[in-house]
Amino acid sequence: MSPEDRAELRELARAIASPARERESLMRESAALRLLLERCTGLRPEDQPLDDSKQTSTAAGLALSPLRAAMCAREPLRTITFIKGLAAAIEQARRPERPVRVLYAGCGPFATLALPLMALSGAQEAEFTLADIHAASLDCARGLVEGFGLASHVSGYVLADACTMILDPAQLPDVIVSETMNASLRSEPQVAIMRHLAAQAPGALLVPESVTVEACLLRLGKELPPPLEGPDAKPQPAQRERIGLGPVFRLDREAIEAWKKEGGLLPAGAVRIPSEVPAGMQARLLTKIVAFGPHRLDDYECSLNLPQHFPGRPALAGGEQLQFAYRISDAPGLVLLETA
């Protein structure tokens, strides 16, 4: 990378990580960061086909191909929120005697969340271990790190399935970051990864700090703002109609501690459907993500926050008691255990 590339990365990182900048003011910087990484790696979906045969099916879920993982950087609020969250976690974990150790599980080809923060700090402040199941992703991330002159910030590159990798007890991470999820925590191994790694490093801060899946009834036609009518029309907020049913699953440090004796079927919540389901309302799952501290993602802010059908899409007559569980398998996600 050229000196101009390195200067641009530092400038973009400084803006995105700045506590003084609101997320919505950083859309340009997020797009510029993504374009910089794509240009420096040549990894652009416009230039090559999306080959899903390069994805890896594991015992705990689907690991995205390097190209699909790179495409996650095309969701600006997602990128901004997680970078800000990781910066806040590193700041909280800071210690005077040594650098903060950060384990980035599923770093993908861009190491999108870590690379900007490396450009902002000295190697004595934070050191990163980059791990990925795909050699192509790890090689690409290494090329970016070295090309931007940040090799001293990385203590290791680990080619491994994060659901089974064993951490060195003498070098446990202070922060574990993994953004390997889909909406309602389905399909991908986020739950299994965080459960496995956090259990080995009980003192580590987690990014995301929490992911909560809630159940509700909603009217789809009211979910999004109405279309603009005329060139001078002002945007109007959505007039949503929802009936909240309550949380059904939560992934955080407290839940991981409670799962120590659980197997591949994790306990989840139960909800009661109203005795009368209003005509036109449908059951959906909503995903709320706290990257860290105040940095969070809510409805429709990225693909992770799009409403999802209940597992099995049950026909609801009204009055049902639905008991959920979370199944860790090669196709992980919430399941319905019983309907009463």
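The model is predicted, so local features need pLDDT of at least 70 and side-chain atom pairs count only at pLDDT 80 or more, while totals for chains, interfaces and linings use all residues. Residues are numbered from 1 along each chain as its sequence is written, and side-chain values use heavy atoms, leaving out hydrogens and water.

Let's start with the sheet. Strands of a sheet pair through backbone hydrogen bonds, either parallel or antiparallel. Here, five strands form an open sheet in the order 5-4-3-6-7, with parallel pairing. Strand 5 (154-159) and strand 7 (205-207) stand at the edges with a single partner strand each, so one side of each has no neighbour in the sheet. From one strand to the next, the twist averages 15 degrees. Strands (E, at least two residues) and helices (H or I, at least four) are DSSP runs numbered from the N terminus, and two strands pair if DSSP finds at least two bridges between them. Strand 6 (residues 175-177) and strand 7 are joined in the parallel sense by three bridges, and V175 stands opposite L205 in strand 7.

Now look at the helices. Helix 4 (residues 76-93) lies across strand 3 (100-105), strand 4 (126-132), strand 6 and strand 7, and runs at about 175 degrees to strand 7. Such angles run from 0 to 180 degrees between N-to-C directions, with axes fitted to C-alpha atoms, for helices over the stretch in contact (heavy atoms within 4.5 Å). In helix 7 (residues 190-200), eight of the eleven residues are buried, meaning under 20% relative accessible area with a 1.4 Å probe, protein chains only.

In soluble globular proteins, nonpolar side chains tend to be buried together. A nonpolar core is a set of buried Ala, Val, Leu, Ile, Met, Phe, Trp, Tyr and Cys residues joined through side-chain atoms within 4.5 Å. The largest one here has 97 residues, and L130 and F249 touch the most other members. Helix 4 gives this core its largest share, eight residues.

Finally, meet two residues. L334, in strand 15 (residues 333-339), counts as buried because its relative accessibility is 10%. Beyond four places in sequence, L334 touches residues including V248, F249 and L285. D299 sits in the loop between strand 12 (295-297) and strand 13 (308-309), and at 13% relative accessibility D299 also counts as buried. Its side chain makes a polar contact with the side chain of K288 (2.9 Å); a polar contact is a pair of N or O atoms within 3.5 Å, where within protein one must be able to donate a hydrogen and the other to accept it, and residues adjacent in sequence count only if both atoms are side-chain atoms.

Key
Buried < 20%, exposed > 50% of the residue type's maximum accessible area, 1.4 Å probe, protein only.
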